Amino acid sequence: MNAKNVLLRFKLHHVLFWLLLGAAWFYLRYQDYSTIQKALQVTIVKVLDLTIMIYIANYLLIPKLLYRKKFVLFAILVLSMIVLSSGWKMYLIGRLLHNPALYHWTDQLKARIYDNVLPHIFLVIAGMAFKLLLDYNRMQSRLLQVAKEKAETELNFLKAQINPHFLFNSLNAVYFLIDKNNNDAREALHKFSDMLRYQLYGARDNKVSIENELQYLQDYIGLQKLRNENCSIRLDVSPGLPSFTIEPLLLLPFVENSFKHLSHYADGRPNQVVVALDRQNGEMEFCVSNTTEGRSNEEPGGIGLANVRRRLELLYPKKHHLDISQEEGWFRVCLKVKIASQ
C-alpha cells in the first residue's frame, strides 16, 4: 500500500490539514497573548471548534438534510449550531484567559456577533462549499463510469447478437420438430425462447418491473429443474409484494451462482436451492441459498460475484448491502437495496 492510499484510507490528510491550519493560526496570533501556553490553548480551542462544526455540517447535515431537500431545517440547524458553538468557544477562551467579559454576551452584543458568529458563518460555508464541490465531482465521475460501462456492455452485446427474428423463427421450427409426447423438451425450449426474448427486448430499458424480472427468474429456475432432477428448488415471494422497478437482470447472477456451485450429494441428502424475495420499509431483500460441499463459490473467469459487487456500486451507491456467508453446508447471498417510491 503506497503513501497516498494510506493517507486516504485513514483520513490522515484531514489530520494534516487541521494541523497546518492550527500552526498557521498560532503563528499569526501568538503575539496577541501574554504567554505561549495561553496562545496554544486558545488556538486549540478555536481549531477544534471550527473542526467540529465543519464535520457536523459536511457529514451529518448535508447528507441527511440538504441532499434530501429539507432546506429550511438545514439552514435553521446550521445557524443554530454556529451560534451555540460561538458561545461555547467564547466561554472556554474566557475561562482560559480569566476574562469573564468574553463570555458575557449581553455586553457588546453586536461586537460579539461581528467577531465570532459572522466569521464562523463564512468559514462553515466555505467548508460546506468544498464538500459540495467534492461530492459533485465524485457524482460526475460515477456517472461517466456508468455511461462508459453501459456503452461497452451494449457494444459487446451488439457484437455477439444474432438476428433475433432468425433465432426465434429457428426456435419455433425446432419446437414443432420435437415429438408432441416429449413435453419436457418442448417446455424447456419454450422457456428458453421467453428468456431470450426478455434479454433482447424486455431488458433494454434502464428499469424493469419486478414482475417481469420475477417471470424471467421463474423461467430460468424452470430450466434448472429439468436439468437437476435430484434437487429441491423453491421460490418464495412475499404475498402481496408491491410493484416496483429495478435494474434489469440484476438478480439473475445470484441464482446462476447457486446452481453453478450446487452440491451433488449422492448419499440421499437433499440438494437444495431456496430463492426468497421480499420488500419492507422501502427496501427490497433478495436472498439465495444453496447446499454446498465446501467448494468455493467463486472461480477465476466468468461474471462472478466480484463483478456483481461492482455493478451494484455503480447502480446503487450507498443504497445497497450485500451479505455473503457460508456455514453448515449452506452458501447464502442476501442483497438489500433501497427502492425509490413509485
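## Terms and model

A residue is buried when its relative accessible area is under 20%, exposed when that area is over 50%, and partly exposed in between, using a 1.4 Å probe and protein chains only. By that scale Ile 56 is partly exposed, because its relative accessible area is 32%.

This is a predicted model, in which local features need pLDDT of at least 70 and side-chain atom pairs count only at pLDDT 80 or more, while totals for chains, interfaces and linings use all residues. Residues are numbered from 1 along each chain as its sequence is written, and side-chain values use heavy atoms, without hydrogens and water.

## Overall build

The protein has 10 helices and seven strands. These are DSSP runs numbered from the N terminus: helices are H or I with at least four residues, strands E with at least two. Of the 342 residues, 34% count as buried.

## Helix α9

Helix α9 covers residues 252-260. Seven of its nine residues are buried, so the rest of the structure largely encloses it. Among the buried residues of α9 are Leu 252, Phe 254 and Phe 259. Asn 257 and Ser 258 are buried there too.

## Helix α3 and the nonpolar patch

Ile 56 sits in helix α3. It also belongs to a nonpolar surface patch with Leu 40, Ile 44, Leu 48, Ile 52, Leu 60 and Trp 88. Helix α3 (residues 36-64) supplies the largest share of the patch, six residues.

Patch members have over 30% relative accessible area and no salt bridge; like charges are joined within 9 Å, and nonpolar side chains (Val, Leu, Ile, Met, Phe, Trp, Tyr) within 5 Å. A salt bridge puts a side-chain nitrogen of Lys or Arg within 4 Å of a carboxyl oxygen of Asp or Glu.

## Pocket and cavity

On a 1 Å grid over the protein atoms alone, a cavity is a set of points where a 1.4 Å probe fits but cannot get out. A pocket is an open set with protein on both sides within 12 Å along at least five of seven lines. Lining residues have an atom within 4 Å of a point.

The second largest pocket is lined by 20 residues. His 14, Phe 17, Tyr 55, Asn 58 and Phe 130 lie nearest its centre. Helices α2 (12-29), α3 and α5 (109-160) each give two or more residues to this lining. The most come from α5, with seven.

The largest cavity is lined by Trp 25, Arg 29, Tyr 33, Ala 39, Val 42, Thr 43 and Lys 46. Here α3 gives the most, four residues.

Definitions and conventions:
Areas by Shrake-Rupley, 256 points an atom, 1.4 Å probe, with all protein chains shown as cover.
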